[in-house]
Amino acid sequence: MAIKKNIIFFIIVFSLIFSYIPELLQASFLAGALAPKLTIYPLIFAFGFTVFYRKNFSLSLVERKTLTKFFAVYLVVMLLSLVYGLIEYPYYSVILHGPANQIEKLPKVYSLLTENGIFVTKQGLFSVWMLGRPIKNLVVETFWTFGLSILVYAWYKNDFRNGFHVFLKGVFASVVVVVLYGFLDMTYLSGSNMATNILMVINPLVHDVKAGGTWWPPLLWNGQLRSIFAEPSYYGIFGSFALPWIWYIYSTVKNTRNRLIIWGIMYFFVLFLFLTRSRTANMLILGEFALLFFFIIIGFLKSKKTTFFVFLCGVLAFGTSLVFFNYGIEQSSQSMTAVSYMKDNIGSLANMDQRSNRSRYSIMIADLKIGLDHPFLGVGPSLRNAYIPKYLPDKEHLSNETKEWITNQKEKGILRSGFPELGEYTSRFAETGILGLLVFMTPPFYLIWRLIRFIRMNKKNMTREFNVVIYFTISFLGVLAAGIGDTLNIFYSYWLLLGLGYALLHHITSDRLMG
């Protein structure tokens with residue numbers, strides 16, 4: 001049983017990198033908005049495995065009571081927000097007079113009811129649909145997200161060392177694949193026809209291309225490396241999760257040959273991250289390097305030699321990326337210096353009109369305005385899309401991308417086309433208000449507080465699990481930081497770490513310490 005469990009867990013961790021699989025492979029009927037994640041499939045096996053061996057993964061009475069209380073509060077707040085949002089919803093007529101095919105299944109349900117002698121009005125059925133659809137989305141999302149966290153906790157709370165070992169293997173294997181794919185992408189950027197032809201064949205197999213009739217994600221991405229991911233920023237989001245664990249692996253390996261191999265993989269992983277030229281990637285990696293430096297300065301990480309080589313890796317990778325931008329990319333017209341790179345990828349964040357800032361900030365500001373107008377319960381889960389056009393700032397100077405989102409919504413209807421969640425916390429604030437946001441953030445905040453408390457209390461007794469807590473904190477904070485500008489559901493890494501973090505907390509507060 002233990003071997004099967006570990007194999008399933010390894011596949012779950014490894015599958016994180018496949019975050020936007022082709023539509024043909026998506027299990028939309030089961031996972032809803034999370035269907036593009038390949039992780040859904042090993043999760044199905046994991047849940048089935050847990051049910052079959054349920055006696056081996058039971059939770060204590062205290063744990064069951066705690067979870068019951070949390071989900072009771074969470075679901076009550078979500079449902080109150082939804083009911084309030086539906087009562088106040090001003091866009092019913094817009095939906096009813098919009099494209100008829102925006103509710104694909106509604107006509108079929110209406111015909112089926114009529115044929116079986118159940119007569120209802122389309123208006124009445126539509127009202128039920130407007131209530132049932134968000135409830136279904138809420139239940140599905142809660143099951144596939146919090147469900148993974150609870151599963152990981154139940155599997156490894158009493159067997160953390162084993163689970164952590166499997167977790168590291170999964171992370172390392174996925175990083176190797178990202179690096180190998182990155183070599184191919186880098187060769188494509190340098191002008192190789194062979195690499196271009198290969199990517200044109202395998203990219204549609206790895207992720208959906210031009211989803212929903214839009215331009216994104218394109219078949220090939222010009223000027224920026226994205227490796228196996230749908231877009232360059234996704235590399236950075238995955239990197240915020242994975243890089244601290246590569247640091248940890250490097251710090252624990254004693255064999256010189258293996259250290260050189262891991263250092264080389266780490267070097268190329270960071271190099272390709274810089275080649276993404278993604279503001280998200282750069283901000284996250286700089287933040288995590290700053291956290292690592294902070295833990296070294298205050299004396300929580302003792303291996304100065306290891307951390308020196310980690311920072312050396314980052315510096316060399318950055319320098320190599322500048323060389324590649326100047327001499328490796330085909331048709332590169334402008335020289336790239338360290339200053340210009342930082343100005344373009346860090347300094348540009350403060351300028352509304354540079355790169356994709358106008359689109360991103362417009363949506364984030366709109367979400368904030370929606371939340372401020374509905375501060376306690378928001379406008380309701382899954383109901384924010386209709387509000388956004390009204391709340392967009394500076395409507396006369398919207399980006400072409402934002403205009404395309406608005407046009408898409410008008411043509412396809414509010415229920416079929418909306419606006420991306422460019423910020424987990426702002427979009428949740430818009431949909432569920434401050435109450436929903438606080439309830440959602442309670443598990444990670446409590447976990448971080450307990451881990452920091454452990455670090456402070458054990459700084460003079462730096463056992464093996466102390467370092468695990470340090471690197472976990474860096475990774476978890478990096479993943480949470482990624483939620484500032486994107487949804488936490490781009491990858492399953494947040495939900496995986498949430499469960500693993502509570503298993504770690506259970507481990508370090510018990511007598512089963514790692515040797």
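Predicted model: local features only at pLDDT ≥ 70, side-chain atom pairs only at ≥ 80, totals over all residues.
Residues are numbered from 1 along each chain as its sequence is written, and side-chain values use heavy atoms, without hydrogens and water. Local features need pLDDT of at least 70 and side-chain atom pairs count only at pLDDT 80 or more, while totals for chains, interfaces and linings use all residues.

Ile40, Pro42, Leu43, Ala46, Phe47, Phe49 and Thr50 of α3 are buried, where buried means under 20% relative accessible area, exposed over 50% and partly exposed in between (1.4 Å probe, protein chains only). Leucine 30, in helix α2, is partly exposed because its relative accessibility is 36%.

Aromatic pairs (ring centres of Phe, Tyr or the six-membered ring of Trp within 6.5 Å; planes under 30 degrees apart stacked, over 60 edge-to-face, the rest tilted) number 66 in the whole structure. One of them joins phenylalanine 47 and phenylalanine 143, tilted, with 4.8 Å between centres and 40 degrees between planes. This pair links distant parts of the chain, α3 and α7 (residues 122-156), 96 residues apart. Phenylalanine 47 counts as buried at 16% relative accessibility, whereas phenylalanine 143 is partly exposed at 43%.

Definitions and conventions: Helix = DSSP H or I, 4+ residues; strand = E, 2+ residues; numbered from the N terminus.
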